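These are my notebook entries on one structure. I record what I looked up, entry by entry.

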Amino acid sequence: MNPGEPILSVRDIRVGFVRADGTPVLALDGVSLDVSSGEFVCILGRSGHGKTTLLNVVAGLLNAQRGEVRVMHLPVTGPGTDRGVIFQQDAVFPWMRVLDNVAFGLRVRNVSRQERLRIAREHLTLVGLLPVARAWPRELSGGMRARVAIAAVFANNPPILLADEPFGALDYVTRRQVQAVLRDLWRRTGKTVLFVTHDVDEAMMLGTRVIVVSNGRIAEDRAIELPMPRSDDDVATPAGLALKHLLLHHMGLE
Amino acid sequence: MTFRSTGGPPDPELPRFRMRAGNGPPKGLGMQQKLVDALYTVAGIALFFAVWWIAASQLPRSRLVTPLEAGRDLWTNFFYSPRLGVFGLGKVGYGSLLLYTLSNVFIGLVTGGAIGILIGIASARLKLLRIFVDPVVLVLGTVPILVAAPLFLLWFGVVPFTQVLLVALYSAVMMVLFSQRAAQNVNPVYERWAMTFGAGTGARMRHILIPGTVPEIIGGLRITLASAWGLEVFAEILGAPSGIGQAIKALTNLSNVPGLLACVVIVAVTAIVTDILLVVLMRRVAIWA
């Protein structure tokens, strides 16, 4: 892949559903976007406006009726190890210990036991969970399980990470802590991240670029030119506040 | 790529974990709770025997005897009971007859259960198979044992295979339903997550579907086991070469109340013991649940 070329390319995606009452709903209507390697793109929007649908199409978990998704020039035909996903729902396997959860991706790819456990321990250290490597997920808090999911996805080393409102169920303080963990890992590894959220502050705190999805279309696509890593003060600058007002406007608030 | 720890302040969530990570409450409290639970169990058993004793003291001996008399009959006839020989059961005692019943229950449950689990899980995933299996299971499940048992006796004769087949059939029917529901109850997010890690159908079956269904399947096995005991004894009463059901039939003909109660007690005790073994297995296999 040549430098500057998009690692992820979404072209003219259209996805429609039919509700139980027979009403057709257009979840995505002609969505196109390019994402360069190393970008942290936040997909922002209100509930039911197509953010998760877009992420599922990119993940290969949902087929589009029209359009194409390419990752490193190759068309996406289903889920793959080149795109790690963190779901909104707690997906950490309850029947595996924390260490085995983190090593799962490596296990299904037949990485030797010694090597996969080494990598898993390394990533548990990074998210601060090595002391609980032998614990069962039920023994962990929601924030800790979110960190297990992050460690598991990064341990599998996908070039692209897709996250669907992964911290939505966490309390404010825990959410901020887990956001910091994700941001640190992203900066260390330089992976490309597509992060779905409905929280403007979260998008502005994490993203290098923000895309607002409204009524199944891209309403705004803009780089966030604030210093990284960001503090609340950075977001509260005139430039930050102006961007926040713009994003809220596109989300239909102001 | 080399990683270093992010360092930073101590994790506020870790101390909470350490308190909980010892697999439950502190050791002393856990033992205390177990002791209380055991006392409740003993109290329940004692209450049962007390009610039995009081009832026996109020009724004529031809209707009900005390637990002590039933126990004495059990002890006397456990290894050899001459009165059973009269009914063509040979030189047997309650113990050997129970062993026959136990082995039939075990073989029937294992074979029927295994078939039921496989069909149940597969039908949860394959719609075509489900469309075919569901009505068959529904029809088989509604056939009363009073109809099925004589038919099986006519078809296969008075041989152990008849009882095993009966237990296996009903166990399979029950386990199809339990396993199908267990597989359908596994949260789809686990499979979706596994797919994003590159897990194919086989890996998802091994790492997601099987472990995810184990607790519910073992729960279903416990219910099926309890039913299997009843089925087996009933099938033996209707016609079998051996078994505790045959002893019950013979003792009913003799109007031997202590012997009948002794047989009921050993069947009940064995059923409870096998259920406890299943619970122990469940705790070992589904330690995470």
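**Entry 1. A term needed first.** I count a residue as buried if 20 or more other C-beta atoms lie within 10 Å of its own, and as exposed if 12 or fewer do. A residue in between is partly exposed. I also note at the outset that this is a predicted model.

**Entry 2. Strand β7 of chain A.** I applied the term to β7(A), which covers residues 160–164. Five of the five residues of β7(A) are buried, and the strand is therefore mostly covered by the cut-off of 20 or more C-beta atoms. I then looked up the directions in which the residues point. Ile160(A), Leu162(A) and Asp164(A) point one way, whereas Leu161(A) and Ala163(A) point the other way; all are buried.

**Entry 3. The partners of β7.** Which strands pair with β7(A), and in what sense? On one hand, β6(A) pairs with β7(A) in the parallel sense over four bridges. Within this pair, Ala163(A) is the bridge partner of Ile86(A). On the other hand, β7(A) is joined by five bridges to β8(A), residues 192–197, and these two strands also run parallel. Here Ile160(A) stands opposite Thr192(A).

**Entry 4. Chain A as a whole.** I recorded eight helices and ten strands for chain A. The C-alpha atoms fill a box of roughly 50 × 45 × 45 Å along the principal axes. For 254 residues, a compact globule would have a radius of gyration near 18 Å; the value for chain A is 18 Å, which agrees. Buried residues make up 47% of the 254 residues in chain A. Among the contacts of chain A with a separation of 6 or more, 68% are between residues 24 or more positions apart.

Entry 5. In soluble globular proteins, nonpolar side chains tend to be buried together. Leaving aside residues up to four places away in sequence, Ile150(A) touches Ile86(A), Val127(A), Val181(A), Leu182(A) and Leu185(A). Ile86(A) is also the residue whose bridge partner in β7(A) is Ala163(A).

**Entry 6. The contact between the chains.** How many residues does each chain bring to the contact? Chain A brings 35 residues and chain B brings 23. On the side of chain B that touches chain A, the elements giving two or more residues are α1 (14–20), α9 (188–196) and α10 (201–238) of chain B. The largest share of that side, six residues, comes from α9(B). By class, the side of chain B has 13 nonpolar, five polar and five charged residues.

Entry 7. Most residues other than glycine have a negative phi, and most peptide bonds are trans. I looked up departures from this in chain A.

- Asp12(A) has a positive phi near 50°. This residue lies in strand β1, residues 6–18. Asp12(A) is partly exposed, because 13 other C-beta atoms lie within 10 Å.
- Asn110(A) has a positive phi of about 65° and is not a glycine. Its place is the loop between α2 (98–108) and α3 (113–126) of chain A. Asn110(A) is exposed, because 8 other C-beta atoms lie within 10 Å.
- Met228(A) and Pro229(A) are joined by a cis peptide bond, with omega about -5°. Pro229(A) is in the loop between β10 and α7 (232–235) of chain A.

**Entry 8. One residue of chain B.** Is Arg284(B) buried or exposed? Arg284(B) counts as exposed, because there are 8 C-beta neighbours inside 10 Å. This residue is found in helix α12 of chain B, residues 257–285. Arg284(B) and Ser179(B) are 105 residues apart along the chain, and their C-alpha atoms are separated by 19 Å.

How values were computed
Residues are numbered from 1 along each chain as its sequence is written. Chains are lettered from A and ligands numbered from 1 in the order in which they are written. This is a predicted model: local features need pLDDT of at least 70, side-chain atom pairs count only at pLDDT 80 or more; totals for chains, interfaces and linings use all residues. Two strands pair if DSSP finds at least two bridges between them. Two residues are in contact if their C-beta atoms, placed from the backbone, lie within 7 Å. Ala, Val, Leu, Ile, Met, Phe, Trp, Tyr, Cys and Pro count as nonpolar, Asp, Glu, Lys and Arg as charged, and the others, Gly among them, as polar. The radius of gyration is taken over C-alpha atoms; the globule rule is 2.2 Å times the number of residues to the power 0.38.
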